[in-house]
Amino acid sequence: MQTEEKNKKIEWNKIKYNFDRISSNHAKDWQLALFWIVLFELFSSIFEYEFVNKSHEYIDFIPNGFYKEILIAGLVLPFIWLCVYNLVYMNKTNLIYLALYGTVGLYLIITEDVTFNLLLHNLNPFELNIGGTIYFIVQLFFKLIIAYLIYKLVVAFRHKNL
């Protein structure tokens with residue numbers, strides 16, 4: 001019985017170790033932690049937009065027209081340039097920026113929230129909307145991960161200043 005508990009504890013420690021390495025390099029890289037916070041927050045906002053009708057109140061929709069096309073072109077052109085640049089130089093940092101830029105683009109395509117009001121509203125990791133059982137569980141999962149990453153971000157800032 002003790003060996004089974006010990007194996008579970010070792011497995012949990014291994015999962016936590018790998019998560020810390022990927023998410024913030026063991027609280028040494030604040031930029032990596034910030035990247036994951038923004039990425040999880042974007043996915044959380046997209047999830048809220050799709051499953052909660054109240055989230056549509058926070059979005060200021062831009063009507064189709066010339067200015068919206070200019071805005072879209074202004075976002076797509078740098079994304080294409082960043083893709084080509086990343087293919088030529090294959091840098092890890094550029095790949096992270098490309099993933100972040102692509103996720104922001106995905107967020108804008110799905111929600112059409114150009115003012116990022118929904119994202120800013122959803123940024124508080126301690127605010128939970130109970131809109132349904134599955135929705136609540138997924139949002140709770142996102143919020144716990146974001147809160148942990150914020151903690152790692154603060155620890156990384158403290159290590160950097162020492």
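**G74.** Helices here are DSSP runs of H or I, at least four residues, numbered from the N terminus. G74 is partly exposed, with a relative accessible area of 43%. My cut-offs: buried is under 20% relative accessible area, exposed is over 50%, and partly exposed lies in between, with a 1.4 Å probe and protein chains only. I then took the C-alpha distance from G74 to K152: 34 Å in space, at 78 residues apart in sequence.

**Ground rules.** I am working on a predicted model, where local features need pLDDT of at least 70, side-chain atom pairs count only at pLDDT 80 or more, and totals for chains, interfaces and linings use all residues. Residues are numbered from 1 along each chain as its sequence is written, and side-chain values use heavy atoms, with hydrogens and water left out.

**Largest pocket.** I noted a volume of about 420 Å³ for the largest pocket. A pocket is an open set of points on a 1 Å grid over the protein atoms alone, where a 1.4 Å probe fits, with protein on both sides within 12 Å along at least five of seven lines; lining residues have an atom within 4 Å of a point. Points are joined across faces, edges and corners, and the volume is the space filled by probe spheres set on them. I counted 15 lining residues, with I72, L75, G105, L108 and I109 nearest the centre. α3 (66–89) and α4 (92–111) each give at least two of the lining residues. The largest share, seven residues, is from α4. By class I have eleven nonpolar, two polar and two charged. Nonpolar covers Ala, Val, Leu, Ile, Met, Phe, Trp, Tyr, Cys and Pro; charged covers Asp, Glu, Lys and Arg; the others, Gly among them, are polar.

**Second largest pocket.** This one holds about 370 Å³. Its lining has 15 residues, and D29, Q31, L32, F35 and I96 lie nearest the centre. α1 (2–24), α2 (30–51) and α4 each supply at least two. α2 gives the most, six residues. I sorted the lining into nine nonpolar, three polar and three charged.

**Nonpolar cores.** I listed eleven residues in the largest nonpolar core, including F40, F47, Y135, F142 and L149. A core is a set of buried Ala, Val, Leu, Ile, Met, Phe, Trp, Tyr and Cys residues joined through side-chain atoms within 4.5 Å. α6 gives its largest share, six residues. Apart from it lies another core of eight residues, among them I46, I59, Y107 and L108.
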